[in-house]
Amino acid sequence: MANVTSLNVNGKRLRVDVDSQTPLLQVLRDRLNLTGTKYGCGEARCGACTVLVDGQIMRSCVTPVGRAGGKQVTTIEGLEKDGKLHPLQEAFLKADALQCGYCTSGMIMSASSLLNKISKPSREEIVKHMDGNVCRCGTYARIVNAIEIAAGTAKEVAE
Amino acid sequence: MNDDLELERYELFEGPAYQFNFNRRQFLKAFSGGIALIVPMSNLVARTLQQEQGESGSGRGNQRVPDEIGAWIHIDESGMVSVFTGKVELGQNIRTSLAQAVAEELHVPVTTVRLVMADTDLTPFDMGTFGSLTTPRMAPQLRKAAAAARETLISLAAEQWKVERTAVRIVNARFINHDASKSLTLAEVAKGQKLVKTIPADVQVTPVSDWTIAGTSVPKVDGRDFVTGKHQYTTDMKRDGMLYGRVVRPTAMESTLVSSDTKAAEAIPGVVVVRDGDFVGVAAPDQQTAIRAEKAIAIHWKAPGQPGNEELFEYLKKNSTVSSRGGGRPVGSIADGMAAADRKLSQTYTVAYIAHAPLEPRAAVAEWNDGKLTVWTGTQRPFGVRSELAEAFHMPEEKVRVIVPDTGSGYGGKHTGECAIEAARLARASGKPVKLVWTREEEFNWAYFRPAGVIEVSSGVKNDGTVTAWEFHNYNSGASAIQSKYDFPNQNIQFHNSKSPLRQGSYRGLAATANHFAREVHMDELAHLVNMDPVEFRLKNIKDQRLKAALEAAANAFGWSRRKKGCGIACGFEKGSYVATAAEVSVDAKTGRVKIERAVEAFECGAIVNRMHLNNQVEGAVVQAIGGALFENIQFKDGQILNGKFSRYRLPRFSDMPKIEIVLLDRKDLPSAGAGETPIVGLAPAVGNAIFDATGNRLRSLPLTP
């Protein structure tokens with residue numbers, strides 16, 4: 001089996017040396033210390049491990065690292081620019097769209113791919129797009145609110 | 001306050017309940033300088049006022065440091081305020097709400113207050129973060145300690161300026177004299193001090209009406225760390241030379257190990273294999289190698305035959321014994337009550353086992369250094385886990401340190417230390433730090449569940465809606481909220497222990513969901529029996545004004561009197577707070593699929609500390625309740641969990657979300673109660689009653705599947 005020797009993550013070319021079948025999640029977390037991306041279920045059913053590969057949502061727990069070779073991987077650590085939070089990160093704080101926070105990285109990554117595709121999604125589009133991400137604390141309404149705040153379509157900020 | 005709370009059978013305990021090990025000696029060793037205010041342990045475990053009134057301590061001056069310390073506040077010589085508490089943050093936002101309480105009394109910004117939480121070497125003993133106790137017990141005591149600290153600091157500032165202490169005020173972390181011509185910072189006052197006090201009995205705290213920091217929606221104090229992915233959960237930790245662990249699990253519960261062949265695994269470079277009794281585990285330099293090693297072990301288990309969920313409810317009843325706890329003495333006479341009734345009803349209700357499924361699975365990082373064991377792990381009971389570790393490794397508790405990073409939720413599911421013990425065992429064998437993260441399947445199979453149960457209710461009612469007799473028997477699911485706030489003149493309420501085929505324990509609200517489900521569906525059935533409106537019928541049997549207020553608030557916000565077909569309501573009380581939930585459902589005639597269209601919940605827990613986080617907590621409980629109400633149900637047979645993964649166990653998702661409206665009743669005249677649990681209890685019965693309203697089909701089992 002061929003090894004993967006480098007990965008483009010958050011705009012940087014990083015050296016690794018791993019079996020191409022290793023899940024991308026493990027490489028990000030254990031080799032590259034990018035632990036913002038989480039393990040939740042190992043079968044792409046909860047979205048905690050969501051990253052973007054060339055702008056597309058990938059559940060990194062079931063994605064062999066070989067499939068990310070030569071492509072641009074974006075993780076939660078790549079959203080903040082020069083100490084300035086991404087609008088979605090700001091919006092999640094504003095809407096208090098988290099409790100324990102363990103799903104938050106995956107939620108924000110999924111939402112960012114949505115806003116990249118549709119700048120002002122409807123509520124139905126948000127629900128449909130986000131349905132693969134689980135928040136066990138049940139903050140869904142606040143997450144929808146946060147996405148609307150980031151998209152500039154929120155009528156109000158939840159209290 | 002429920003006096004029996006700590007003894008509730010279904011808060012899962014393992015090991016001793018009280019181990020007051022952070023004592024005077026340890027405190028004095030840790031205390032370097034500045035000013036410290038101590039909350040004695042007795043204040044936190046005190047049942048009610050009488051013990052508080054009996055507190056020793058005289059106002060000003062140094063006092064004896066109590067033998068057993070419950071929490072303390074430290075203002076160091078740099079002016080930093082630190083609060084030391086054994087409580088754990090799991091998303092309920094107590095790191096924020098406790099900081100608010102302390103900041104309020106000290107008159108400092110929330111940002112100057114740092115909470116040191118759940119580290120058995122640094123924080124005083126705490127029994128655990130459960131039972132909705134942080135807000136009603138820990139917060140008022142920290143508030144008193146902060147108020148006492150403020151008064152002490154004011155006296156010190158007055159001494160420095162040689163003025164009367166009444167001439168000194170503290171505003172926004174600065175001490176100022178009467179005409180604001182002089183000021184001092186916290187650091188300037190605390191510098192050079194070495195002052196330790198126990199909170200005096202006469203300390204006055206800020207009345208709720210004067211709150212300016214508490215009672216406001218302060219954002220999550222470290223929210224930025226979570227939205228940027230920087231927060232380090234246990235699962236994210238890394239130590240130098242750390243190995244990754246895996247445990248070889250039996251094929252069924254209660255299995256014993258017959259034979260194992262570990263040679264092939266041991267031959268893999270870097271792999272350490274441990275076999276100790278029935279424990280078989282591996283540690284390796286990376287996860288992939290650990291998985292490979294685990295798979296290379298040939299192993300045979302012997303499993304006893306065990307009941308499955310098809311025979312569960314019969315099994316629970318057959319194996320039951322009456323418990324002395326939780327029911328309470330009969331009131332009046334059931335025979336008289338039944339004789340006075342116009343209509344009678346007997347029904348049986350059941351609830352399934354369900355899983356907590358915290359998104360961060362159990363995890364631990366264990367490290368041995370010179371005979372001392374340190375374990376980072378996500379648990380709700382750091383001191384309980386320390387006891388478990390000490391016992392497992394036959395060592396004194398002083399040699400074990402448990403640290404709990406803010407954790408990826410628990411919901412009552414993280415009371416135990418099995419993952420910590422496993423990681424520590426692997427670390428001891430390999431001589432290196434070991435991280436063990438349970439897989440989702442392990443989390444389903446080897447943790448514990450919310451108890452399943454059978455509840456039998458017999459009642460009598462007059463045609464005018466007065467309930468005359470109420471007999472209620474709960475088998476196995478638990479005694480929480482088995483008593484209600486209804487005014488039933490004749491009642492006999494019993495909890496019956498049983499033998500649970502699955503490992504069971506604490507869950508958000510414990511049995512309060514099961515008992516509310518049975519009671520509130522039964523009340524709905526009685527209302528229909530006597531042709532009364534379900535709200536009017538309940539009000540007829542309620543004298544408690546707080547329950548009445550919650551029910552009316554939910555009914556009004558919902559528009560109960562103008563409702564369409566498919567609506568139901570429920571109300572209740574538990575752990576000091578009141579809840580009423582109204583739901584509207586639609587049921588697909590062909591598939592029977594239930595969609596909750598709308599849920600309105602009124603909630604009252606005394607004075608509100610942080611409206612935004614309370615709203616969030618109540619909404620979250622309603623969403624989590626959807627799972628138990630409609631689809632969560634552990635399937636098992638012969639000691640195997642048949643649906644123990646997310647692809648087989650349906651959790652509430654975005655598309656399950658109804659339109660949710662929360663009505664918070666702020667009772668500034670009442671002490672704040674906890675709010676993490678009780679908001680979960682009302683949805684299931686409200687939805688059950690709504691399904692009946694929609695279809696005429698009365699469902700008496702959770703989950704509700706028409």
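Q: Which residue just after helix 5 of chain A takes a positive phi?
A: This is a predicted model, so everything here is read off computed coordinates. Helix 5 of chain A covers residues 140-151. Just after that helix the backbone takes a positive phi of about 80 degrees, and the residue that does so is Gly152(A).

Q: What span does helix 5 of chain A reach from its first C-alpha to its last?
A: The helix has 12 residues. At 1.5 Å a residue the expected figure is 16 Å, and the model comes close to that. From first C-alpha to last, helix 5 of chain A reaches 16 Å.

Q: How many residues of helix 5 of chain A are buried?
A: The helix is mostly covered. Its buried residues include Arg142(A), Asn145(A) and Glu148(A), along with Ile143(A) and Val144(A). The count for helix 5 of chain A is 12 of 12.

Q: Which elements of chain B do the buried residues of helix 5 of chain A pack against?
A: Within chain A, these residues pack against helix 2 (87-94), helix 3 (104-117) and helix 4 (123-130). They also pack against parts of chain B, namely helix 18 (611-630) and strand 28 (659-665).

Q: Is helix 18 of chain B largely enclosed or open, and how many of its residues are buried?
A: Helix 18 of chain B has 20 residues and reaches 29 Å, close to the expected 28 Å. It is largely enclosed by the rest of the structure, because the number of buried residues is 19 of the 20.

Q: How many residues of the side of chain A that touches chain B are nonpolar?
A: The contact takes 44 residues from chain A and 52 residues from chain B. On the chain A side, helix 1 (24-31), helix 2, helix 3, helix 4 and helix 5 each supply at least two residues. By class, that side has 11 charged and 14 polar residues, and the nonpolar ones number 19.

Q: Is Arg136(A) buried or exposed?
A: Arg136(A) lies in the loop between helix 4 and helix 5 of chain A. Leaving aside neighbours within four places in sequence, it is in contact with Ala357(B), Pro358(B), Leu359(B), Ser409(B) and Leu651(B). The cut-off for burial is 20 or more other C-beta atoms within 10 Å. Arg136(A) has 27, so it is buried.

Q: Which strand gives the most to the side of domain 1 of chain A that touches domain 2 of chain A?
A: Chain A is assigned domain 1 (3-77) and domain 2 (87-151), with C-alpha centres 21 Å apart. Their contact takes 14 residues from domain 1 and 12 residues from domain 2. On the domain 1 side, the elements giving two or more residues are strand 3 (50-53) and strand 4 (56-59). With 3 residues, the one that gives the most is strand 3 of chain A.

Q: What is the bridge partner of Thr374(B) in strand 18 of chain B?
A: Strand 17 (residues 372-377) and strand 18 (residues 400-403) of chain B pair in the parallel sense over 4 bridges. With helix 12 (residues 382-392) of chain B, they make a right-handed β-α-β unit. In strand 18, the partner of Thr374(B) is Arg401(B).

Q: Is Lys162(B) buried or exposed?
A: Lys162(B) lies in the loop between helix 5 (134-161) and strand 5 (169-171) of chain B. Its phi is near 55 degrees, a positive value in a residue other than glycine. With 6 other C-beta atoms within 10 Å, Lys162(B) is exposed.

Q: Which residue does a cis peptide bond join to Leu702(B)?
A: Omega for this bond is about 0 degrees.

Definitions and conventions: Residues numbered from 1 in each chain as written. Chains lettered and ligands numbered in written order. Predicted model: local features only at pLDDT ≥ 70, side-chain atom pairs only at ≥ 80, totals over all residues. Expected span 1.5 Å × (residues − 1). Contact = placed C-beta atoms within 7 Å. Pairing = 2+ DSSP bridges. Right-handed = clockwise from strand over helix to strand, strands pointing away. Nonpolar A, V, L, I, M, F, W, Y, C, P; charged D, E, K, R; others polar. Domains from an automatic or database assignment.
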